[in-house]
Amino acid sequence: MSISDPLRLGVVGLGRGFALSARAIAAHPGLRLVGAADPDEESCRAVQRAFGGRIYGDIAALAGDPDIEAIYICTPHHLHRDHALTALRAGKHVLVEKPMAVTLAEADAMIDAAQAGARQLIVGPSHSFDGPVRLAAEMIAAGAIGAVKMIHALYATDFLYRPRRAEELAGDLGGGAVLGQAIHQIDVVRRLAGVPAQRVTARTGGAWDPARRVEGAYAMLVDFDGGIFATLTYSGHGHFDGDRLLEGISELGIRKPDRHGATRPRLHTTADEAAARRARRFTRLEDCPQPETHEHFGQVIVFGTQGDLRLTPEGVELSDAQRRSFHPAPFTTPRAEVFDALYAAIRHGKAPLQDGAWGRASLEICLAALAGARSGAVQPLQFQR
């Protein structure tokens with residue numbers, strides 16, 4: 001791809017989220033990272049060494065840079081609204097990490113600000129951008145399995161025992177498995193269902209570990225228009241490793257050795273956890289994860305009237321009454337699809353699938369799942385698309 005006018009990008013928040021996207025940003029011919037903001041000066045200097053550009057201490061200063069066209073927000077969930085509004089009101093386009101906010105009112109404010117300023121608001125990265133998910137959606141649209149009837153999504157990780165900030169273990173600040181992880185599964189099944197969701201039934205069982213006092217697991221049933229339904233199940237308690245069901249390939253697309261039980265021993269003390277958390281921040285491009293396959297979010301199977309699709313980190317397996325065939329998903333740089341969407345939206349006016357309204361719809365399902373888990377009642381939905 002030859003790009004004569006690369007998009008001038010700023011980023012706020014230089015922790016793990018940015019580190020996972022840094023290679024895609026560096027490799028994308030349509031992007032040039034020209035500014036970064038974070039209260040941690042060491043992280044800012046690391047980004048400046050890797051990308052060049054200017055560094056700032058906060059989002060207001062970054063948004064005030066007239067050379068920056070779009071800002072990628074990688075800060076904690078509960079800061080997304082304020083940071084997005086600062087960027088949008090300064091005339092910047094916004095790419096905000098999922099979930100876009102922690103309440104629907106916050107999401108509404110972000111959508112309203114983007115519309116008022118005629119700016120793009122994109123929510124991601126989420127696994128709905130992954131190449132195999134896109135390929136499966138295209139195959140479904142082409143009639144490869146007839147009418148979709150049921151979708152199954154299952155994953156188990158050590159999410160709850162990775163190094164966490166205090167707010168990541170506080171439900172009212174957007175912590176926990178539902179807002180932190182279900183958003184991926186929800187985005188994936190929504191893209192594959194291809195029609196609006198209607199209602200949610202969910203359970204979490206509450207906080208299972210008194211040392212990590214937030215929900216770390218969930219199961220939910222999502223009903224869609226047309227009689228389609230999806231089951232979403234997840235545990236982040238670090239026991240069964242869901243990557244074993246995907247040829248040992250991690251969520252980040254890296255073939256990994258079997259290191260069962262390796263996560264928890266690093267969290268003996270608060271100091272241990274703080275040090276481990278700091279080690280996950282951006283330091284150098286060479287230290288960022290280097291995927292070998294597409295990213296994924298566990299086992300996903302789509303059941304149709306004429307066949308079934310199983311998503312893998314490398315593509316899609318189609319099974320019907322006559323045969324089983326494998327369809328590879330072209331692989332370049334993971335998360336490139338996210339920044340392709342950002343570039344196409346800003347330079348070519350191509351509306352992205354994962355816009356603000358899409359992000360709000362996925363957030364609504366997360367919040368409905370939490371409400372339903374507390375009350376035991378089925379939760380209707382009203383902001384779907």
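Here is a quick look at the overall build of this protein and at what sits inside it. Keep in mind that the model is predicted.

**Overall build**

| Property of the protein | Value |
|---|---|
| Span of the C-alpha trace along the principal axes | about 55 × 50 × 40 Å |
| Accessible surface | about 16100 Å² |

As for burial, 56% of the 385 residues count as buried. If you look at contacts with a separation of 6 or more, 73% of them join residues 24 or more positions apart.

**Charges**

There are 43 positive side chains and 44 negative ones, and the centres of the two sets lie 0 Å apart.

**Inside the protein**

The largest nonpolar core holds 73 residues, and L192 and M220 have the most contacts inside it. Helix α7 (residues 177-193) supplies the largest share of this core, with 10 residues.

What does M220 touch, once its neighbours within four places in sequence are set aside? Its contacts are A182, I186, V200, T201, A202, A230, T231, L232, I365 and A369.

Another core, of 33 residues, lies apart from the largest one, and its members include V11, L14, A36 and C288.

Key. Residues numbered from 1 in each chain as written. Predicted model: local features only at pLDDT ≥ 70, side-chain atom pairs only at ≥ 80, totals over all residues. Heavy atoms only, no water. Buried < 20%, exposed > 50% of the residue type's maximum accessible area, 1.4 Å probe, protein only. Contact = heavy atoms within 4.5 Å. Areas by Shrake-Rupley, 256 points an atom, 1.4 Å probe, with all protein chains shown as cover. Lys, Arg positive; Asp, Glu negative; His and termini not counted. Charge placed at Lys NZ, Arg CZ, Asp CG, Glu CD. Core = buried A, V, L, I, M, F, W, Y, C linked by side-chain atoms within 4.5 Å. Helix = DSSP H or I, 4+ residues; strand = E, 2+ residues; numbered from the N terminus.
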